[in-house]
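Please keep the sequence and the structure in view while reading.

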Amino acid sequence: MKNIFIADAMLGKLAKWMRIIGCDVEYFPEISDNEISERAYHSGRIILTRDTMLIRRKINRENSFFVKYDHYQDQLKQVVKAFSIDPKENLFTLCLLCNKKLIYIDKISVADSVPEYVYCTLDNFKTCPSCKRFYWNATHKNNMVEQLKKILELN
Ligand SMILES: [Zn+2]
């Protein structure tokens, strides 16, 4: 079974990068330790945390993971390695804001919503079922891939 996660409030950047590679990571910037603890316990999510106090809680002992680095690049590398995540397998399959799985939509339905150049040159569009934002291949995606390659030392 695929691991699912919840990141503590200090790990926003890590959560974003994990979503980029398609890992299901809940993240709330204003969440209390108690809430993280409860949500993780009831949903089977693994807590990613920089906080050893959170890990010491009895109900979280089995399902928390200590992130030992300060920088998101090192954090991402640590998590990907520890959980044997294939960073290419589910790349760009999640909404980066909502953590929901993106779905393909008909090109025609984005006609009024995306820049004309984008509409004319691309055929594959996805949307988030929650925030309805559209996703397509663009330069920023290539930049993310380049950054990922650097961070994870991929070829
Ligand atoms: Zn969304």
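## Conventions and overall layout

Two strands are taken to pair if DSSP finds at least two bridges between them. Helices (H or I, at least four residues) and strands (E, at least two) are DSSP runs, numbered from the N terminus. The model is a predicted one, in which local features need pLDDT of at least 70 and side-chain atom pairs count only at pLDDT 80 or more, while totals for chains, interfaces and linings use all residues. Residues are numbered from 1 along each chain as its sequence is written.

With these conventions, the protein has six helices and seven strands, and along the sequence they follow the pattern β-α-β-α-β-α-β-α-β-α-β-β-α. Taken along the principal axes, the C-alpha atoms fill a box of roughly 55 × 35 × 30 Å. Of the 155 residues in the protein, 24% are buried, a residue being buried if 20 or more other C-beta atoms lie within 10 Å of its own, exposed if 12 or fewer, and partly exposed in between, with C-beta atoms placed from the backbone. Among the contacts with a separation of 6 or more, 48% are between residues 24 or more positions apart, where a contact requires that the C-beta atoms of two residues, placed from the backbone, lie within 7 Å.

## The parallel sheet

Strands E2, E1, E3 and E4 form, in that order, an open sheet with parallel pairing. Strand E2 (25-27) and strand E4 (64-66) stand at its edges with a single partner strand each, so one side of each is left without a neighbour in the sheet. Neighbouring strands are turned against each other by 25 degrees on average, direction ignored; axes here are lines fitted to C-alpha atoms, for helices over the stretch in contact, and angles run from 0 to 180 degrees between N-to-C directions.

Strand E1 (residues 5-7) and strand E3 (residues 46-49) run parallel and are joined by three bridges, with Ile6 opposite Ile47 in E3. Helix H2 (residues 33-43) packs on this sheet, where H2 touches E1, E2 and E3, and the direction of H2 makes about 175 degrees with that of E1.

## The antiparallel sheet

A further open sheet, of three strands, has the order E5-E6-E7 with antiparallel pairing. Its edge strands are E5 (103-105) and E7 (134-135), each of which pairs on one side only. Strand E6 (residues 125-127) pairs with E7 over two bridges in the antiparallel sense, and Lys126 stands opposite Tyr135 in E7.

A nonpolar core is a set of buried Ala, Val, Leu, Ile, Met, Phe, Trp, Tyr and Cys residues joined through C-beta atoms within 7 Å. The largest such core has 22 residues, of which Phe5, Ala7, Leu14, Met18, Val25 and Leu48 touch the most other members. At least two residues of this core come from each of E1, helix H1 (12-20), E2, H2, E3 and H4, and H1 gives the most, with five residues.

The buried residues of H1 are Leu14, Ala15, Trp17, Met18, Arg19 and Ile20, and what covers them includes E1, E2, E3, H4 and helix H6 (139-152). Leaving aside neighbours within four places in sequence, Leu14 is in contact with Ala7, Leu48, Val67, Tyr72, Gln75 and Leu76.

## Two domains

The domain assignment, whose bounds come from an automatic or database source, gives domain 1 (5-82) and domain 2 (103-152). Their C-alpha centres lie 27 Å apart, and six residues of domain 1 are in contact with four residues of domain 2. On the side of domain 1 that touches domain 2, the largest share, four residues, comes from helix H4 (residues 72-82).

## Positive phi values

Most residues other than glycine have a negative phi. Asn99, in the loop between H4 and E5, has a positive phi of about 65 degrees although it is not a glycine, and Asn99 counts as buried, with 20 C-beta neighbours inside 10 Å. Lys132, in the loop between E6 and E7, likewise has a positive phi, near 65 degrees, but Lys132 counts as exposed because it has 11 C-beta neighbours inside 10 Å. Just after H1, Gly22 takes a positive phi of about 85 degrees.
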